[in-house]
Amino acid sequence: MLLALVVVSIALWSSGCAVDLSFPPGFLFGSATSAYQVEGAWNVSDKGESIWDRFTHSQSGNEDGSTGDVATDSYHQWERDMEVAANLSLDYYRFSLSWTRILPNGFANYISEDGKRYYNQLIDGLLAKGIQPVVTIYHWDLPQRLQDLGGWTNPYITDWFADYADVVFSLFGDRVKTWITINEPMLFCDGAYTNTFHLAPGVVDREGVYLCGKNAMVAHGKAYRVYQKKYKAQYNGKLSLSNQLVWYEASTEEDEVWLDIAQQYSYGRFSHPIYSKEGGWPPVIEDHMRNKSSSEGFHQSRLPEFTDEEKELVKGTFDFYAINHYTSRAVRKRRPGEPHGGFPLTGAPDLDLLFERRPDWTEGNEWLYIYPEGLRRMLGWLRDQYGDIPILITENGFSTAEDSLEDHDRVQYYRRYLEQVLLAIKEDGVNVIGYTAWSLIDNFEWMDGYKTKFGLCHVNFSDPLRTRTLRRSGRFYADVIKRRTLDLDSDYRNYEF
Ligand code: PNW
């Protein structure tokens, strides 16, 4: 215990202040999953095919052939998930809706009875346990039918999405009070269309990046306006869109000049249209893309413009800022001859920058370098850019390649990142209202399949019942939630690393 206390005090001392380790009253704790990553049951009842079904069943899917056909079988085992959520004493559970389970052909003219039944029981089951549902409407599993019409690159997607959102608001809005319209456009637009991340639909097209990004912003805006017009007065829920933000620092002092464009490209492109006073793209990105496109012989910018009407439609469509954060990168200018990019940052060919691990950051797992201060700085940056908006952390978590229940590294990650959340709140005055651990249970980790684990709870994928067993990190998180503090005194004994 003494060792643990010394570790905590050193950590606080090195962050320059002694901070009270308790969370403010009303601070909310949750955990998350998404439909394709957990549900399985990809073709039960009248469910339609999604781009992830098509992608993982094709040769171009995951190398090891892994699919979400069964995943954690949450379609059948949802009550087990609920027990885990209740064991953790979660305030809320963030999950996503499968578009094709609700609207099998993607369009809103036909609603599946089975889809309604499945999500109604999930929502009612959570509420019966005193856990609030936080619902993501779109977490990457587009109906294949809509992909065949161009998917996120077709501007009509903005209406198809708004229609889908209208259906789910009408079905579940009486009980769901927090909605995330869309999860991480940066990933399913930039990540997928540049193949930086090997994601469905498996279409690689550098113009696709920007068409998708613009349509995602407008789709979110339209869905928000539908809620505002038809449901807000009656249900009074809150809406936002989740952005995946990797914190950037300059590699060297000379590289500081690149920070603004890197930040506006990655954070601003999906935030400025919604949260800025002016709306539309960040001006620095608009200029950059116009010049770049013209130097490449294009007659128009490859970044499609917003009309004035679209700017107004999207501007201000938020009730809080939703951030997913895992890791940080050091940014520097690419030297001639060096390859573009640097996993996992995308759009790099248009920026000519490289994104790397700073030597003093712990490696962690794959792309997930550990730099807890990055989260505090990221939160401060958001406040400085967009004002004093309530911020909900909708994902943060750590992956491992091994299966162990004794996940000391994950405990350490959570403790250190949560400490930075407290510093952001108490020292910097950022209005962080809640924190979501990704993930409640091990699940289908997209291009990594089942090789990478994010769960507070282990899932046995060789067991047909997909047995769930809480990890040490799950016990740690449960204690933080029950006691509402990181100052776990003697309990630290259980979590030493
Ligand atoms: C998110 N990065 O994706 C997704 O929302 C989840 O579905 C996913 O399981 C989880 O994070 C873990 O990967 C991300 O490179 C992918 O920083 C990549 C990054 C961040 C988030």
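**Exercise 1.** How far does a polar side-chain atom of Glu184 lie from an oxygen atom of the ligand? Describe the surroundings of the ligand in this predicted model.

*Solution.*

Step 1. Begin with Glu184: the distance between a polar atom of its side chain and an oxygen atom of the ligand is 3.1 Å.

Step 2. Consider two further side chains. An N or O atom in the side chain of His139 is 2.8 Å from an oxygen atom of the ligand, and for a polar side-chain atom of Gln244 the corresponding distance to a ligand oxygen atom is 3.2 Å. A polar contact requires a pair of N or O atoms within 3.5 Å, so the pair formed by His139 and the ligand qualifies.

Step 3. Determine how much of the ligand is covered. On its own the ligand has 450 Å² of accessible area, and the protein covers 99% of this.

Step 4. Examine the shell. Around the ligand there are 18 residues, of which Gln37, His139, Glu395, Glu445 and Trp446 come nearest. By type, the shell comprises 10 nonpolar, 5 polar and 3 charged residues.

**Exercise 2.** Is Asp91 buried or exposed? Locate this residue and identify its partners.

*Solution.*

Step 1. Asp91 belongs to the loop that lies between helix H4 (74–87) and strand E2 (92–96).

Step 2. The relative accessible area of Asp91 is 19%. Buried means under 20%, and therefore Asp91 is classed as buried.

Step 3. When neighbours within four places in sequence are left aside, the residues in contact with Asp91 are Phe27, Leu28, Phe29, Gly130, Ile131, Gln132 and Arg484.

Step 4. For Phe29, a polar atom of the Asp91 side chain lies 2.8 Å from the backbone nitrogen of Phe29.

Key:
Residues are numbered from 1 along each chain as its sequence is written. This is a predicted model: local features need pLDDT of at least 70, side-chain atom pairs count only at pLDDT 80 or more; totals for chains, interfaces and linings use all residues. Side-chain values use heavy atoms; hydrogens and water are left out. Helices (H or I, at least four residues) and strands (E, at least two) are DSSP runs, numbered from the N terminus. Buried means under 20% relative accessible area, exposed over 50%, partly exposed in between (1.4 Å probe, protein chains only). A polar contact is a pair of N or O atoms within 3.5 Å; within protein, one must be able to donate a hydrogen and the other to accept it, and residues adjacent in sequence count only if both atoms are side-chain atoms. Contact means heavy atoms within 4.5 Å. A residue is near a molecule or strand if one of its heavy atoms lies within 4 Å of it. Accessible areas come from the Shrake-Rupley method with a 1.4 Å probe; for residues, only the protein chains shown count as cover. Ala, Val, Leu, Ile, Met, Phe, Trp, Tyr, Cys and Pro count as nonpolar, Asp, Glu, Lys and Arg as charged, and the others, Gly among them, as polar.
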